[in-house]
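Hello,

Here is the structure I said I would pass on. My notes on its aromatic rings follow below.

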Amino acid sequence: MVNYIGRFNVVPSLPEKLEPLREIVYNLFWTWNQDAIEMFRRLDGKLWEETHHNPVLMLGKISQERLNEIALDDSFISHMNRVFVQMNIYVEEKTWYQKNYKYDKENIIAYFSAEFGLTECLQIYSGGLGVLSGDHLKSASDLGLPLVGVGLCYKEGYFQQYLTHDGWQQERYEITDFYNQPMALVTKSDKTPLRIELDFPGRKVSMQVWKIQIGRVPLYLLDTNVPENNDEDKKITRTLYGGNTETRIQQEIVLGIGGIRALQAMGTKPVVCHMNEGHSAFLALERIRLLMKLHYLTFTEAKDVNFYSNVFTTHTPVPAGIDIFPNDLVEKYFGNYYRTELGISDKTFYSLGSIIKDKAPANFNMAHLAMNMAGFVNGVSKLHGKVSKKMWQAGFIDIPFDEIPIDYVTNGIHTHSHLSNDIQELLYRYLGEKFMRNPSDQEVWTRVDEIPDEELWRTHERRRERLVAFARKRLVKQVVARGGSASEIASAKEVLDAQAITIGFARRFATYKRATLIFKDIERLASIISNPDYPVQFIIAGKAHPKDEEGKKLIQEIIAMTKDYHLRKKIVFLENYDMNIARYMVEGCDIWLNNPRRPLEASGTSGMKIIANGGLNLSVLDGWWDEAYSYDVGWKIGNAEEYDNLDYQDEVESRLIYEMIEKEIVPIFYNRGEDKLPRNWIAMMKNSMKNLGPVYNTHRMVREYAEKFYFISYEKRTELMKNNWEKGKAFSEWRGKVFENWHKLKFVSIEQEDKNNEFTVGNKYPIIAEVELGDLKPNDVEVQIYFGKVENGSQANRGSVTMSNQPRKSKDGRYVYRGEIDCKDTGQFGYTLRILPKHDMMINKFELGLIRWA
């Protein structure tokens, strides 16, 4: 390897008239602006495809002759200037946030994620989590939120997939040239690269920072591949989800602690931090350290006040999906940090990595760290919120299940990033400018009914035709790459039917997603897809994790099936699934199939992407579909059953899929009148678009995060900061007093004021209680009646009533409380009493984990 003694960068030489291009290509606003994408195609369509839709690389490769030629093309110049004006108007116009909120204009919210799926040329994502993160930033930009993103800059990114002749997945890692990507190195005032340092065992690790501009929102990516680092440390940010356990903890230190330090070095001091999954949870420790260092708070004070400005979103429904590190590895990297920087004992530090408080933790759980450090915790669908409560119930002893403080915000998608140009033009024509500005406006979506059936159907058919053409082209490329014969290449050119109902299945090949479920009964599947009058076809894509042997076997099984005489040409597998393949599939498929094992799909977003494109969903009632499904917008597989016998479940649900396709989907799709239009199918398309479109998007999602979490966090933090953290210190002192005295609390007596045991509906059931509070006062606690039906354990039939402290004080410093239960329903009810901490700064009554039952 040659060691260069100097470095320099070469940039495109643009004619003066084309200078706006330089600004356009470095703002990812173009990724959801169809006019900009069309401009790049017009500049050089072939090069646009060859560069994997990378306009920066395209400008570097395009010939000077072509640039000079296009500079003289008045039509192109007009097109470019139009896009440039659109971008500038977008960046400068007044936004939802500016119109409705008066908080600071600075980057008060920092959003941390291990991956970001922004566009296919930026290989810093692996799948759904990354695309969601990217869509989060895009909608934050659209809404004008003062938000900044933080992630890692992977030199190799996620792997490129290719298959051997027998269908076994192989991985290829491509080196990314950051200087030819739509990103820029962050520099100091003297134009030298900004450097951030971290203490690793026996050495310093340096990082540089790359910036990607996404509309109004900046994303900063940390990169350890710098000359100051040794060869091993240069590789820390080399691969997404690669390496071993030690690589993972190194990456998560860089993301969490390095991310906070990078923001500080750039002058960005976020008030609120959002941890998208537990990968970045170490950031909470660094925020505590900074409060201790800069504001002279104790560890306890810093931890207590910091709690109210952290948000944690979990995306996993199973413990196996969480990063857990052995204590000895954590000690290696954090021993000096927690003893010297935080000034705490090993017992205190390791307790942060567990929500189980009654025993010493054997390892360090990153999700538990995030939960211990965040005032707001949420799942990513209504069902997943319940699943998360169940998964972590052991950490909330004595708290009723429905009151465990884990909320939910259902995921969404950035509508304009996943919408075909054809459909977008159609929707703009009938829904108007308001749709472009606010895709979550319910009223706007009702205008879908005004679109003529024929126009909507023909537009969708064009996208299916393009999908089929794209699939054939990709298939030919795959066959050639594997050294296929001339007959195999010819066969690849003839797969699929542009007029047949097309079912798509594309996602990560984890075993719980059951990619091979449709192949359970090959004969029945063959009879379905081979019907000459009502043909059905499947397009499948997806990657298995490099270490997931079972996932790779699923792909191999599918490849074998596609070679079957009865199935070939009707079922195809597209290699190297990425955002580009996903785009063609969600734009052109008629049906999106999703059949995970309930409740293992936390949310899922791929099915949301077909909604605005006119596709329909066929899915198990899991994740987002559990709350979105109704009979007029798509189809369900089963009735939300969960099975102990998994083989039996596969048997039952595969039959349900076949029956649904045969008896419901195919008849509706092929039922045509004289005008050749499937009117009933189009009615379902419109129902899906107008009912689901305004809900399952990131505009709604990000607004929900802002209004439920971000703004409350901001208000709490700024209140605690007042007068040099005077209120924060007092609040931390109050928390300490509550913990110290909680064991002294008890109910002395409980009396039913009315001795009658039978009440009529409309009456009230009064209760009086005498309580002992130790050194606490009535304004430190809330005394409640907790009641519910005795025979029916449903959460819906349980409730609580706050009791009021009576003016009289009983002897021995005890307090008297009185409350009444409204008798609204008939039946037998039971009740008990409880005491909870109470303070204006608290987000919820259970955050301290303290509860005293009668």
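Buried means under 20% relative accessible area, exposed means over 50%, and partly exposed lies in between (1.4 Å probe, protein chains only). This is a predicted model, in which local features need pLDDT of at least 70 and side-chain atom pairs count only at pLDDT 80 or more, while totals for chains, interfaces and linings use all residues. Residues are numbered from 1 along each chain as its sequence is written, and side-chain values use heavy atoms, with hydrogens and water left out.

The structure holds 51 aromatic pairs. Rings of Phe, Tyr and Trp (its six-membered ring) pair if their centres lie within 6.5 Å; planes under 30 degrees apart are stacked, over 60 edge-to-face, and the rest tilted.

Phenylalanine 470 is in helix H19 (residues 453-481) and tyrosine 584 in helix H23 (residues 579-588), so the pair ties together parts 114 residues apart in sequence. Helices here are DSSP runs (H or I, at least four residues), numbered from the N terminus. Phenylalanine 470 is buried, at 10% relative accessible area, whereas tyrosine 584 is partly exposed, at 21%.

Phenylalanine 669 and tryptophan 681 form an edge-to-face pair, 5.1 Å centre to centre with 85 degrees between the planes. Both residues of this pair, phenylalanine 669 and tryptophan 681, are buried.

Phe282, Phe334, Tyr337, Tyr338, Phe349, Tyr350 and Phe364 form one aromatic cluster.

Regards

Conventions:
Helix = DSSP H or I, 4+ residues; strand = E, 2+ residues; numbered from the N terminus.
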